[in-house]
Amino acid sequence: MRVTADRTVCVGAGLCALTAPEVFDQDDDGLVTVLVPDPAAPLHRAAREAGRQCPSGAIRTIE
């Protein structure tokens, strides 16, 4: 799995960091930061859920 985030459309809701804190964080402006672009298998479910919950669609997971 590959995880990406489009910071230009991120609205800083923070659901990604709350849902998958091992994969995502927020910078000082509240925008998404991908901590682990190639997460291990145990983190895949949380990363997918973070992508589904993102209100702006900034999170992408590629299998």
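Which residues have the most contacts inside the largest nonpolar core? In this predicted model, they are V3, C16, F24, V32 and I59, in a core of 13 residues.

Beyond its neighbours within four places in sequence, C16 is in contact with P21, F24, V32, A50 and I59. Of these contacts, F24, V32 and I59 are also listed with C16 among the residues with the most contacts in the core.

**Cysteines**

The structure holds zero disulfides. The nearest cysteine sulfur to that of C10 belongs to C16, 6.2 Å away, whereas a disulfide needs the two sulfur atoms within 2.5 Å. C16 is likewise in no disulfide, with C10 providing its nearest cysteine sulfur. Both cysteines count as buried because their relative accessibility is under 20%.

| Residue | Relative accessibility | Class |
|---|---|---|
| C10 | 18% | buried |
| C16 | 9% | buried |

**Helix α2**

Which residues of helix α2 are buried? Helix α2 spans residues 44-53, and its buried residues are H44, A47 and A50. They lie on the same side of α2, because the arc they cover around the axis is only 125°. An α-helix has 3.6 residues a turn, so residues three or four places apart point the same way. The face turned away from the buried side of α2 carries R45 and R52, which are exposed.

What covers the buried residues of α2? The cover includes the strands β1 (2-5), β2 (24-26) and β4 (59-62), together with helix α1 (15-19). A50, one of the buried residues of α2, is also in contact with C16.

How values were computed:
Residues are numbered from 1 along each chain as its sequence is written. This is a predicted model: local features need pLDDT of at least 70, side-chain atom pairs count only at pLDDT 80 or more; totals for chains, interfaces and linings use all residues. Side-chain values use heavy atoms; hydrogens and water are left out. A nonpolar core is a set of buried Ala, Val, Leu, Ile, Met, Phe, Trp, Tyr and Cys residues joined through side-chain atoms within 4.5 Å. Buried means under 20% relative accessible area, exposed over 50%, partly exposed in between (1.4 Å probe, protein chains only). Contact means heavy atoms within 4.5 Å. Helices (H or I, at least four residues) and strands (E, at least two) are DSSP runs, numbered from the N terminus. The arc is that of the directions from the helix axis to the C-beta atoms.
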